[in-house]
Amino acid sequence: MSSSLQSTISGQLGWTWRDRVDVAPIVDSNRLSFQLSLSDGNGPGQCNSVWHLEDQVLLAGQSATYYLDALPQVLFGASIAIALAMVKALLIVNRAEAGHIVVGGAASLEWHAPFGSPGDTARVMPHSPWLAANSQAGWPVTAGSSALKIAAAESDTVFDIAILGTRVE
């Protein structure tokens with residue numbers, strides 16, 4: 001049995017801004033959008049693996065560390081471990097009404113590729129998504145750099161996470 005993965009990275013900001021000058025209204029209604037389909041494979045612009053979790057709860061001050069080279073997943077009724085070689089896109093959605101999530105900064109084996117330098121982190125604010133993508137080359141996952149930490153900084157939080165990448169073959 002063979003499998004294939006078709007995936008899409010997309011983001012959009014839309015707006016309608018109205019202003020009234022004298023009698024004639026001025027309207028700026030527009031959007032900035034991006035969409036890219038990735039085909040199945042392990043080359044540039046391709047991915048062959050996805051890992052995701054929904055409704056993950058962290059209490060204030062708690063954290064979870066996900067090892068990108070050994071991500072547990074139940075897929076098609078079977079428990080498997082996904083070992084990523086490259087990450088093409090990472091989406092984290094903070095569903096909480098208050099308190100931000102801190103992404104990155106694991107104490108050891110820290111995966112910091114999309115953040116810049118070791119110790120760098122990103123904040124995902126309440127009711128907000130955070131999308132990082134490197135759809136062509138991807139960010140490498142190595143034995144010495146595989147730990148992605150997610151922490152609830154100020155209050156209890158609920159989040160979803162999805163990662164597109166290529167598997168270790």
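Visitor: What should I know before I start?

Guide: It's a predicted model, so local features need pLDDT of at least 70 and side-chain atom pairs count only at pLDDT 80 or more, while totals for chains, interfaces and linings use all residues. Residues are numbered from 1 along each chain as its sequence is written, and side-chain values use heavy atoms, with hydrogens and water left out.

Visitor: Let's take strand 14: which strands pair with strand 14 in the antiparallel sense?

Guide: Strands here are DSSP runs of E, at least two residues, numbered from the N terminus, and two of them pair if DSSP finds at least two bridges between them. Strand 4 (residues 49-58) pairs with strand 14 over 8 bridges, antiparallel, and Gln 56 sits opposite Phe 159 there. Strand 8 (residues 84-94) is an antiparallel partner too, over 9 bridges, with Leu 90 facing Ile 163.

Visitor: How many residues of strand 14 are buried?

Guide: Buried means under 20% relative accessible area, exposed over 50%, and partly exposed in between, using a 1.4 Å probe on protein chains only. In strand 14 (residues 157-167), 8 of the 11 residues are buried, so the strand is largely enclosed by the rest of the structure.

Visitor: And Trp 17, is that buried or exposed?

Guide: Exposed, at 60% relative accessible area. Trp 17 belongs to strand 1 (residues 7-21). Contact means heavy atoms within 4.5 Å; beyond its neighbours within four places in sequence, Trp 17 is in contact with Ile 26, Val 27 and Asp 28.

Visitor: How do I read a nonpolar core?

Guide: In soluble globular proteins, nonpolar side chains tend to be buried together. A core here is a set of buried Ala, Val, Leu, Ile, Met, Phe, Trp, Tyr and Cys residues joined through side-chain atoms within 4.5 Å. In the largest one, with 28 residues, Ile 92, Trp 130, Leu 148, Ile 161 and Ile 163 touch the most other members. Strand 8 gives the most to this core, with 4 residues. Apart from it there's another core, of 6 residues, including Leu 5, Ile 9, Ala 89 and Leu 164.

Visitor: How many aromatic pairs does the structure hold?

Guide: There are 3. Rings of Phe, Tyr and Trp (its six-membered ring) pair if their centres lie within 6.5 Å; planes under 30 degrees apart are stacked, over 60 edge-to-face, and the rest tilted. Trp 51 and Tyr 66 make a tilted pair, 5.3 Å centre to centre with 55° between the planes. That pair links strand 4 to strand 5, 15 residues apart. Trp 51 is buried at 1% relative accessibility, and Tyr 66 is buried at 13%. Phe 115 and Trp 130 are stacked, at 5.7 Å and 10°. Phe 115 lies in the loop between strand 9 and strand 10 and Trp 130 in strand 11, so this pair ties together parts 15 residues apart in sequence.

Visitor: What lines the second largest pocket?

Guide: Rolling a probe the size of a water molecule over the atoms shows where empty space is left. On a 1 Å grid over the protein atoms alone, a pocket is an open set of points where a 1.4 Å probe fits, with protein on both sides within 12 Å along at least five of seven lines; lining residues have an atom within 4 Å of a point. The lining includes Thr 8, Ile 9, Leu 90, Trp 130 and Ile 163. Strand 1, strand 8, strand 11 and strand 14 each give two or more residues to it.
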